[in-house]
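Subject: A structure for you to explore

Hi there,

Here is the structure I promised to pass on. Have a look around first, then read my notes below.

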Amino acid sequence: MELDSIECVPSSDLTDEDEIHHHHHLHHFPSVSKPHTTTTTTNNNNNNNTNTVASSFHSTSVHELLECPVCTNSMYPPIHQCHNGHTLCSTCKTRVHNRCPTCRQELGDIRCLALEKVAESLELPCKYMSLGCPEIFPYYSKLKHENLCNFRPYNCPYAGSECVIVGDIPFLVTHLRDDHKVDMHSGCTFNHRYVKSNPREVENATWMLTVFHCFGQYFCLHFEAFQLGMAPVYMAFLRFMGDETEARNYSYSLEVGGNGRKLIWEGMPRSIRDSHRKVRDSHDGLVIQRNMALFFSGGDRKELKLRVTGRIWKEQQNPEGGACIPNLCS
């Protein structure tokens with residue numbers, strides 16, 4: 001389903017006549033390669049320097065041995081090997097149809113216990129060290145940390161396609177603006193008008209209306225139409241471009257109404273670590289049933305016209321009572 005029009009106008013100048021038509025093109029982009037990390041160790045003591053370099057060389061060499069020759073990812077138990085000693089990870093063992101990718105011999109069910117044991121003695125930096133993570137972990141704890149590392153790149157939050165681009169927040173903001181042509185606005189209040197000429201036809205559709213910049217942070221406003229059971233519904237929600245711990249510092253409200261009635265939603269924006277589909281399926285936002293949406297639209301209900309307004313504010317801790325007090329954007 002496509003939008004007939006979407007309008008975003010400043011709160012101080014609301015007019016029903018002005019409409020801005022946006023055409024959101026769906027793009028697919030190549031994935032960003034994983035950053036490579038190089039560690040250099042220096043020491044003024046010659047003997048300690050020699051030992052450190054030797055230890056670093058040993059760790060690097062063993063780490064290379066622990067790299068699967070097929071997928072190039074680090075191998076974790078069970079590590080398999082062929083009769084000639086060539087190793088590969090358990091995931092790739094099924095992919096190569098039980099044939100060694102190096103010598104083409106049958107793999108069988110031989111475990112490389114020696115390499116698994118050596119891996120236990122290794123301590124390695126997080127692979128996101130180049131992005132700022134200072135942590136060093138035992139080999140078998142490293143993977144678990146990296147899956148949750150606060151320095152790991154973010155997925156592109158664009159909702160209209162399965163974009164594979166990853167990066168930090170400044171990179172993704174530029175990517176959304178230049179590649180997805182998403183509208184960028186400064187300020188903590190917003191006013192959108194959604195118009196659909198044939199509201200009886202509802203297909204699953206997702207749109208990102210705007211990225212808002214306020215309090216030095218970025219927020220993504222989504223509007224979606226989808227089937228909830230047998231009933232079509234519309235949903236608006238906000239996502240925070242950052243981690244969940246930071247998202248908890250902010251709140252937002254959404255309001256939609258007409259004919260003397262209105263619905264108001266207040267909540268905390270979800271981090272873009274959670275996909276837009278996950279947020280939508282949890283109904284964590286302003287959900288509008290179609291009949292109610294048509295009632296808000298007025299007229300003969302043959303055209304859907306919804307105006308969604310809202311604001312974002314920052315929760316501040318009261319130094320005396322410990323309670324949160326809202327810090328409204330000027």
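Let me begin with the contacts (a contact means heavy atoms within 4.5 Å). Residues 24 or more positions apart account for 56% of the contacts in the chain that have a separation of 6 or more.

Before you go further, please note that this is a predicted model, in which local features need pLDDT of at least 70, side-chain atom pairs count only at pLDDT 80 or more, and totals for chains, interfaces and linings use all residues. Residues are numbered from 1 along each chain as its sequence is written, and side-chain values use heavy atoms, with hydrogens and water left out.

How confident is the model? The score is pLDDT, the predictor's confidence in each residue, from 0 to 100. Its mean over the chain is 77, and 72% of the residues reach 70 or more. Confidence is lowest in strand E1 (residues 5–8), with a mean of 49, and highest in strand E16 (residues 270–271), at 96. Over residues 8–59 pLDDT stays under 50, and the model has 68 contacts beyond four places in sequence for them.

Now the overall picture. The chain has eight helices and 19 strands; helices (H or I, at least four residues) and strands (E, at least two) are DSSP runs, numbered from the N terminus. Of the 330 residues in the chain, 40% are buried. Buried means under 20% relative accessible area, exposed means over 50%, and partly exposed is in between (1.4 Å probe, protein chains only).

**The RING-type region**

An unreviewed UniProt entry annotates residues 68–104 as "domain: RING-type". UniProt positions are given in the numbering used here, feature names are shortened, and annotations may be inferred rather than shown by experiment. Over residues 68–104 the chain is 16% helix and 11% strand, and the end C-alpha atoms are 15 Å apart.

Look next at an open sheet of three strands in the order E3-E2-E4, with antiparallel pairing. Its edge strands, each pairing on one side only, are E3 (87–88) and E4 (110–111). Two strands pair if DSSP finds at least two bridges between them, and two bridges join E2 (residues 80–81) to E4. His80 has Arg111 in E4 as its bridge partner.

In the loop between E2 and E3 you will find His86, which is partly exposed at 27% relative accessibility. Not counting residues up to four places away in sequence, His86 touches His80, Gln81, Cys100, Thr102 and Cys103. The C-alpha atoms of His86 and Cys68, which are 18 residues apart along the chain, are separated by 9.8 Å.

**The cores**

Which residues touch the most other members of the largest nonpolar core? They are Tyr234, Leu254, Leu306 and Ile312, out of 32 residues in that core. The elements that give two or more residues to this core include E13, E14, E17 and H8, and E13 gives the most, with seven. A second, separate core of 19 residues includes Leu66, Tyr76, Leu88 and Tyr139. A nonpolar core is a set of buried Ala, Val, Leu, Ile, Met, Phe, Trp, Tyr and Cys residues joined through side-chain atoms within 4.5 Å.

Strand E13 (residues 231–240) pairs with E17 in the antiparallel sense over four bridges, and Tyr234 has Ile288 in E17 as its bridge partner. Strand E17 (residues 286–289) has Leu286 and Ile288 on its covered face, and Val287 and Gln289 on its uncovered one.

Ala293 lies in helix H8 (residues 290–297). Is Ala293 buried or exposed? It counts as buried because its relative accessibility is 0%. Leaving out residues up to four places away in sequence, Ala293 touches Tyr234, Ile288, Leu304 and Leu306. Leu306 in turn has contacts beyond four places in sequence that include Phe223, Val256, Ile288 and Phe296.

In helix H4 (residues 139–148), Tyr139, Lys142, His145 and Glu146 are buried. These four are on the same side of H4 because they cover an arc of only 100 degrees around the axis, the arc being that of the directions from the helix axis to the C-beta atoms. Lys144 and Leu148, on the other side of H4, are exposed.

Enjoy exploring!

Best wishes
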